Amino acid sequence: MSQAPNAEAFDLVFWDPSGYRFNHPADWNQWRYVSDGLGGEIGIRFGVSSGFGTFDWTNGGVAPFGSINDGTGAASFGKHEQANLASTSVNAIRMQANRQFTGPQNNFTVELDFSRYKGSKVGGQDGVAGANTFIGVSDIYAGLTYAKTVLTITGTLADGKAASPAGWKLVNGGAAPATAGGNQPSAQLGLSNGVLQGTNQPAPGGMANSIDTVMGLVRLDAAGYKTLHLRYDIFPVGNNRAPRIDNSGLYVASAFPRKPAQPEPAKPVEQPKAEEPAKPAQPEPAKPVEQPKAEEPAKPAQPAKPTVVIKDEAGKRPGATTSYTFEVKNPDGTVAGKGCFTYKTPEGGGKPELTAFYYHDEVVGTIDRSHVQTFYFDQDDPDKRFTFVTGTPAKGICSLTADTSLPAQLTGIGGDGPKSYLGKTLGFPTPATGTTVTDESTTTPAVDLVVVIDSSVSMKDEAEALSKAVAAAIEAAKTKCPSDLRVTYLGVEGTFKNTRFDTTVKNYLTGTAKADESALRGRKKGSVAGGGAQEDGARAIEDVTLHFDWRANARRAIFFLGDEAFEGGGADVDKDDIDAANRTIEAAKKGEVRVHTYLGTSSAKEKQRKALEAEYARVADETGGKAFTSQHALDGFQSLLEKVICSSKSSTTSTTEFCCCQEYVEQAEHGKHA
């Protein structure tokens with residue numbers, strides 16, 4: 001059935017999750033923000049309630065991802081009881097739960113944050129979702145052969161207090177027209193006190209063997225919600241142990257009330273006038289001949305404002321203009337097309353603005369800024385991503401979709417497009433550069449490298465392996481980048497037989513370097529429980545930084561190898577470890593010492609291991625060094641030495657500046673045909 005003719009009619013604008021994807025299992029409980037389609041953002045994070053294990057997405061599950069022009073949503077919005085809702089694009093974030101229970105029932109949660117939502121655009125307030133906000137949930141199984149799904153929706157108001165769902169309204173979920181054969185999305189939904197669930201009976205007109213539903217659409221009230229919390233509980237039906245949610249979609253739409261057509265006012269009925277005595281006919285004066293008006297020149301069409309998300313530390317400086325170039329390659333590795341984009345950060349700061357975009361290949365021709373519909377560039381996160389959707393001027397192809405994170409990285413949609421793009425891949429953008437000429441000096445640089453190792457028993461294997469590999473690595477590195485290299489090997493309050501680590505940090509500093517022992521922070525062996533003093537990595541780095549006999553004008557580097565926390569060892573990173581690392585970082589920066597780190601194998605659990613890796617990497621990153629782990633193995637030591645030595649060489653560089661994206665693409669095009 002449809003809404004009554006006098007029901008409210010709305011034009012819907014959906015959020016734009018085109019740049020969203022669940023990158024890694026670590027994304028559980030992590031906030032991600034997507035465009036709300038109104039100029040603001042909506043936050044979303046997936047989680048699991050207490051007592052339930054997270055999905056590993058390997059048992060029939062699919063991790064969350066953005067779905068633009070979503071097929072299920074497009075088939076549901078605007079139909080049945082939604083006859084007065086219309087939208088040009090229905091967008092969702094989709095996922096699929098595992099097809100097997102991980103506990104008494106499958107359970108996961110989705111939270112939405114509206115603190116950056118532009119609610120004022122649809123008659124509400126910024127920072128909260130209101131009466132013109134719709135939440136849609138697709139593929140809710142009511143329970144017949146697989147499972148019964150119960151979705152509980154709660155919320156918090158702007159002041160943080162719990163909100164009542166009493167004013168929310170379910171605007172669909174009832175009858176659907178019958179179709180011949182197959183499953184018919186026909187379950188009848190109910191919404192009571194914020195709990196959305198289906199019945200065990202098909203809705204009128206539905207197929208008897210199918211009581212699932214495509215869409216549950218909820219309209220909020222005007223209370224103003226800062227957050228919403230959606231809890232999915234999936235219960236088995238009978239003895240079934242493989243219940244699932246197939247392609248579950250979450251939709252957020254903002255509604256603009258459609259103004260009804262205004263009837264034209266009735267014209268007043270003219271009253272007959274009394275006849276006036278006839279006047280003698282007067283000759284009409286000749287009308288002046290109108291001169292033809294010159295046609296006004298047509299105004300050029302203004303490009304539509306695309307959805308643009310740019311995350312890039314390189315261009316955050318207010319007023320900065322930044323350009324990147326990228327390539328598209330054929331399956332055989334040859335270049336199929338080249339592109340370039342430029343963005344500018346406003347003088348007063350704020351979100352970057354896409355100012356230029358050019359791409360060219362022989363299939364689509366040249367695409368420019370006016371064709372861009374969606375643009376997403378994330379240079380900052382570990383899982384970098386570059387995505388764009390454009391219209392295309394080429395015959396037979398209506399749009400071009402590119403994504404560096406998907407198996408099909410470049411696709412043309414419409415006509416012969418997909419055939420033309422099979423197997424082509426999009427390269428991640430690199431900073432645009434002009435022509436650069438570098439003249440290296442012939443001076444042999446001086447480099448002082450101190451290799452410091454945690455001398456606890458667990459590091460013996462690393463000490464032996466490093467001793468065997470280091471001589472060859474040094475010679476290879478010196479051959480590639482000749483240098484005056486001086487390497488010193490020191491153990492923290494201990495040594496290893498038959499290795500190069502035959503001197504302790506303290507003995508070298510107080511003996512060879514003539515340091516005052518009372519000035520050293522390193523603790524004596526036996527003064528700390530267990531082998532703690534031998535695992536004082538941060539203190540050892542700090543002492544070497546401040547008291548080593550560095551040569552004048554030599555580049556300074558320390559390579560620390562350990563397998564436990566920086567302050568007295570242990571598998572957990574606590575406040576003392578962080579404080580000790582902070583002191584080390586500060587000393588290294590002041591002493592112009594680069595600290596490289598290597599985290600060896602250990603018995604630490606996965607969570608502890610990640611914390612240790614992060615802290616070792618932080619010390620290296622903040623001092624300009626490089627972080628290694630046992631996954632890199634010590635084969636990477638030669639590469640590290642090359643970086644240490646080669647970065648010490650002085651050079652003179654001259655660069656012809658990058659001109660612009662249009663010239664870059666046009667030069668590439670002309671050069672191809674030259």
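**A buried helix and its surroundings**

Guide: Let's start with α5, whose buried residues are G537, A538, R539, A540, I541, E542, D543, V544 and T545. Keep in mind that this is a predicted model.

Visitor: Okay, so is α5 mostly covered or mostly uncovered?
Guide: Mostly covered: nine of its 11 residues are buried.

Visitor: What covers those buried residues?
Guide: The cover includes the strands β28 (446-454), β29, β30 (555-562) and β31 (593-599), along with the helices α4 and α6 (575-590).

Visitor: Where does F566 sit?
Guide: F566 is in the loop between β30 and α6. F566 counts as buried because its relative accessibility is 2%.

Visitor: How far apart are F566 and A538?
Guide: Along the sequence they're 28 residues apart, while in space their C-alpha atoms are 5.1 Å apart.

Visitor: Switching topic: which residues touch the most other members of the largest nonpolar core?
Guide: F46 and L112 do, in a core of 38 residues. The strands β3 (41-47), β6, β7 (106-113), β8 (133-141), β9 (147-157), β14 (225-236) and β15 each supply at least two residues of this core.

Visitor: Which strand gives the most?
Guide: That would be β14, with five residues.

Visitor: What does L112 have contact with?
Guide: Leaving aside neighbours within four places in sequence, the contacts of L112 include W15, W31, I42, I44, I135, L228, L250 and V252. Apart from this core lies another core, of 31 residues, with L509, L520, V595 and V619 among them.

Visitor: Let's go to β6. How many of its residues are buried?
Guide: Five of the five residues in β6 (residues 92-96) are buried. A92, R94 and Q96 point one way, whereas I93 and M95 point the other way.

Visitor: Why do they point in two directions?
Guide: Side chains in a regular strand alternate between the two faces of the sheet.

Visitor: Which strands does β6 pair with?
Guide: One is β4 (residues 62-67), which pairs with β6 in the antiparallel sense over four bridges. There, F65 stands opposite R94 in β6. Another is β15 (residues 248-257), also antiparallel, joined to β6 by three bridges. On that side, M95 stands opposite S248 in β15.

Visitor: What about β1, which of its faces is covered?
Guide: In β1 (residues 10-14), the covered face has F10, L12 and F14, and the uncovered one has D11 and V13.

Visitor: Which strands does β1 pair with?
Guide: β1 and β15 pair in the antiparallel sense over five bridges, with D11 partnered by F256 in β15. β1 also pairs with β5 (residues 85-86), in the parallel sense over two bridges, and F10 stands opposite L85 in β5.

Visitor: How many disulfides does the structure hold?
Guide: One. It joins C340 to C661, with an S to S distance of 2.1 Å.

Visitor: Where are those two cysteines?
Guide: C340 is in strand β18 (residues 335-344) and C661 is in helix α9 (residues 661-673), so the pair, 321 residues apart, links distant parts of the chain. C340 is buried at 0% relative accessibility, and C661 is buried at 2%. As for C660, it's partly exposed at 30%.

Visitor: Is the disulfide left-handed or right-handed?
Guide: Left-handed, because the torsion about the S-S bond is about -60°.

Visitor: Last one: which residues have a positive phi although they are not glycines?
Guide: E493 is one of them, at about 55°, and K514 is another, at about 60°. E493 lies in the loop between β29 (484-492) and α4 (505-511), while K514 is in the loop between α4 and α5 (537-547).

Visitor: Buried or exposed?
Guide: E493 counts as buried, at 16% relative accessibility. K514 is exposed, with a relative accessible area of 69%.

Conventions. Residues numbered from 1 in each chain as written. Predicted model: local features only at pLDDT ≥ 70, side-chain atom pairs only at ≥ 80, totals over all residues. Heavy atoms only, no water. Buried < 20%, exposed > 50% of the residue type's maximum accessible area, 1.4 Å probe, protein only. Pairing = 2+ DSSP bridges. Core = buried A, V, L, I, M, F, W, Y, C linked by side-chain atoms within 4.5 Å. Contact = heavy atoms within 4.5 Å. Disulfide = S-S within 2.5 Å.
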